[in-house]
Each structure stands twice: as C-alpha cells, then as structure tokens.
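Subject: Structure handover

Hello,

Please find the structure below. My notes on it come after.

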Amino acid sequence: MKKNMGGADRTIRIILALGVGALYYFNVITGGLAYVLLALAAIFVLTSFIGFCPLYTLFGIKTCKVKN
C-alpha cells in the first residue's frame, strides 16, 4: 500500500474524529446516528495513521506530495 494521503488531509480527519468523539461524550449525538458517526471517526483515525485511504484509490485521488 502506497501512501495516498497528505499531511493536511490526515490532520483534518483527526480533528473531525475528535469532534465526533466530543459530541458523543457530551451526549449531543445519541442512538444509531452516534454509532454510525463513531464508526466513521474510527475509520478516519485508522486511515490517518496508516496514510492510505482505499476510497482515494478507487477515485484516483492522491493528496500526498510525490517524492522524486
């Protein structure tokens, strides 16, 4: 797996995941919506640490800088 996510993209995903976690912690989101958003946040964190997003490969997107 080659990395296809840049630093800014990874940072944005982490911030969004932390925001969803905070919303859940303070009971702003509950029920089924909370679990769906928490699952999405977990995926965001995982892909941020790995630096690879499978959906980017499907759509041909690459936000990381190319090293020559």
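The notes go from the whole chain to single residues.

This is a predicted model, in which local features need pLDDT of at least 70 and side-chain atom pairs count only at pLDDT 80 or more, while totals for chains, interfaces and linings use all residues. Residues are numbered from 1 along each chain as its sequence is written, and side-chain values use heavy atoms, with hydrogens and water left out.

Overall fold. The chain has three helices and zero strands, in the order α-α-α from the N terminus. Helices (H or I, at least four residues) and strands (E, at least two) are DSSP runs, numbered from the N terminus. The C-alpha trace spans about 50 × 20 × 15 Å along its principal axes. The radius of gyration of the chain is 14 Å, whereas a compact globule of 68 residues would have one near 11 Å; this radius is taken over C-alpha atoms, and the globule rule is 2.2 Å times the number of residues to the power 0.38.

Burial and core. Of the 68 residues, 26% are buried (under 20% relative accessible area; exposed is over 50%, partly exposed in between, with a 1.4 Å probe and protein chains only). The largest nonpolar core has six residues: Ala-17, Val-20, Ile-29, Ala-34, Ala-41 and Phe-44. H1 and H2 each give two or more residues to this core, and H2 has the largest share, with three. A nonpolar core here is a set of buried Ala, Val, Leu, Ile, Met, Phe, Trp, Tyr and Cys residues joined through side-chain atoms within 4.5 Å.

Met-5. This residue sits in the segment before H1. Met-5 counts as buried because its relative accessibility is 3%. Val-28 is exposed because its relative accessible area is 57%.

Regards
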